[in-house]
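Colleague: I am new to this structure. Could you walk me through it?

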Amino acid sequence: MDCIEVALGERSYLIRIGQGTLEALPEVLAGIGATGHAAIVTDSNVGPLYADRTAELVRRAGMASVVCTLPAGEEHKRLARIEDLCGEFLEAGLDRGSLVIALGGGVVGDVAGFAAASFMRGIRYVQIPTTIVAQVDSSVGGKTAVNHPLGKNIIGAFHQPSAVLIDMKLLETLPDRELRAGLAEAIKHGVIADAELFRYMEESAAAILAKDLTALEYPVRRSCEIKAAIVAEDERERGLRANLNYGHTFGHAIEAVTHYEKFLHGEAVALGMCAAASLGEALGLVGADFAARQNACLTAYGLPVSWPELPVGEALEAARRDKKVRSGAMKFIVPVDMGRVVQRTDVTETQARKAFEALRRA
Ligand SMILES: NC(=O)c1ccc[n+]([C@@H]2O[C@H](COP(=O)([O-])OP(=O)(O)OC[C@H]3O[C@@H](n4cnc5c(N)ncnc54)[C@H](O)[C@@H]3O)[C@@H](O)[C@H]2O)c1
Ligand SMILES: [Zn+2]
């Protein structure tokens with residue numbers, strides 16, 4: 001089992017990664033000094049698979065637990081579910097010393113994390129991520145949130161977990177499309193910070209897509225290391241952390257115009273990465289070879305690199321709206337070399353439009 005530290009002073013915590021690491025949950029709970037009650041928050045797909053085992057392991061740690069099951073799906077990442085959860089926590093006897101265990105993908109992690117951040121002004125929580133997106137991204141870094149009808153992740157808090165437990169074996173039941181979509185975020189980590197990781201992703205597509213857990217472990221671990229280092233340096237996204245949003249300014253706009261229905265988040269990010277590469281080329285920061293290489297890698301994982309029907313005007317409007325809602329500058333993360341990106345706030349509408357347009361023919 002590998003351990004990675006997220007170094008945040010007294011809020012530091014460990015990410016444990018391996019195969020079968022769920023079984024180490026009693027030691028993890030003992031290690032953070034958890035006692036009393038725990039609420040295991042999961043969803044209607046993951047709960048039937050892993051909640052009983054998790055509850056048994058919590059019991060072995062000498063703790064009482066209740067399982068709270070959210071309906072699966074992004075549409076349940078909303079404030080009403082926080083109120084429901086807090087009600088369940090109270091009924092189960094949770095108090096300020098209790099613990100939340102998020103067992104699921106990014107939706108469960110974000111909702112359970114925000115419930116933990118707000119219940120009695122904040123209780124501790126542990127992340128047990130069960131999707132690639134959650135393992136390589138959302139379970140690390142302490143961003144928790146629910147969506148508002150006017151925007152994604154609008155109501156939330158920074159609340160770091162006390163531990164992250166990544167068990168590769170939990171991926172065995174993950175649907176293929178979810179696996180591929182999550183890998184877009186791992187490829188993204190290669191592009192923004194680690195050319196070696198990108199090369200590994202290029203070379204290992206066959207083993208990874210065959211769900212060879214050993215082959216999958218390296219990108220998960222490297223992604224966590226990269227994210228842990230960035231978060232340790234810039235927890236509140238005042239600078240460096242925004243690099244993790246590579247492909248996301250375009251990607252979020254694509255998700256918005258498709259009402260989060262056509263593409264999974266990782267698929268929209270893959271398209272966004274292609275648009276960001278076109279932008280990099282237009283700005284003279286990378287050659288055409290960069291986009292070709294990135295496209296080939298994304299394609300090897302069955303991820304989309306073009307969308308001929310993309311409604312460019314609407315997508316631009318969505319990006320503008322997102323910027324207005326968040327009242328910041330429209331920030332684009334642009335590649336300069338494999339493993340290196342820069343942040344640009346000086347991108348013109350015409351340049352952004354051209355990058356979206358490139359997706360119609362890429
Ligand atoms: N907080 C952050 O820093 C951060 C970062 C990235 C993404 N996110 C958020 O994460 C969410 C997306 O997360 P996601 O892609 O994990 O989606 P998800 O949580 O909806 O999970 C995808 C689907 O897979 C199912 N599932 C999960 N694990 C499974 C398993 N092991 N076996 C079988 N089925 C399983 C789920 O029930 C769901 O139907 C978005 O809301 C996004 O905003 C947050
Ligand atoms: Zn993402």
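What follows is a short exchange on the metal site and the salt bridges.

Modeller: This is a predicted model, where local features need pLDDT of at least 70, side-chain atom pairs count only at pLDDT 80 or more, and totals for chains, interfaces and linings use all residues. Residues are numbered from 1 along each chain as its sequence is written, chains are lettered from A and ligands numbered from 1 in the order in which they are written, and side-chain values use heavy atoms, with hydrogens and water left out.

Colleague: Which residues coordinate the zinc ion (ligand 2)?

Modeller: Donors are N, O and S atoms within 2.8 Å of the metal (3.2 Å for Na, K and Ca); water is not among the atoms, so sites may look incomplete. Here the donors sit at 2.0 to 2.1 Å. Their spacing in sequence is E-x62-H-x16-H. They are Glu-185 (OE), His-248 (NE2) and His-265 (NE2).

Colleague: Which helices do His-248 and His-265 lie in?

Modeller: Helices (H or I, at least four residues) and strands (E, at least two) are DSSP runs, numbered from the N terminus. The two histidines tie together parts that are 17 residues apart in sequence. His-248 lies in H10 (residues 248–257), and His-265 in H11 (residues 265–282).

Colleague: Is His-265 buried or partly exposed?

Modeller: Buried means under 20% relative accessible area, exposed over 50%, partly exposed in between (1.4 Å probe, protein chains only). His-248, at 7%, is buried. His-265 has 23% relative accessibility, so it counts as partly exposed.

Colleague: How many salt bridges does a search of the whole structure find?

Modeller: A salt bridge is a side-chain nitrogen of Lys or Arg within 4 Å of a carboxyl oxygen of Asp or Glu. Side chains of opposite charge can pair when their charged atoms come close. The search of the whole structure gives 21.

Colleague: Where do Asp-110 and Lys-77 lie?

Modeller: Their side chains form a salt bridge (2.8 Å, N to O). Asp-110 is buried at 12%, and Lys-77 is buried at 4%. The pair links distant parts of the chain, 33 residues apart. Asp-110 is in helix H4 (residues 106–118), and Lys-77 is in the loop between strand E4 (64–70) and helix H3 (79–91).
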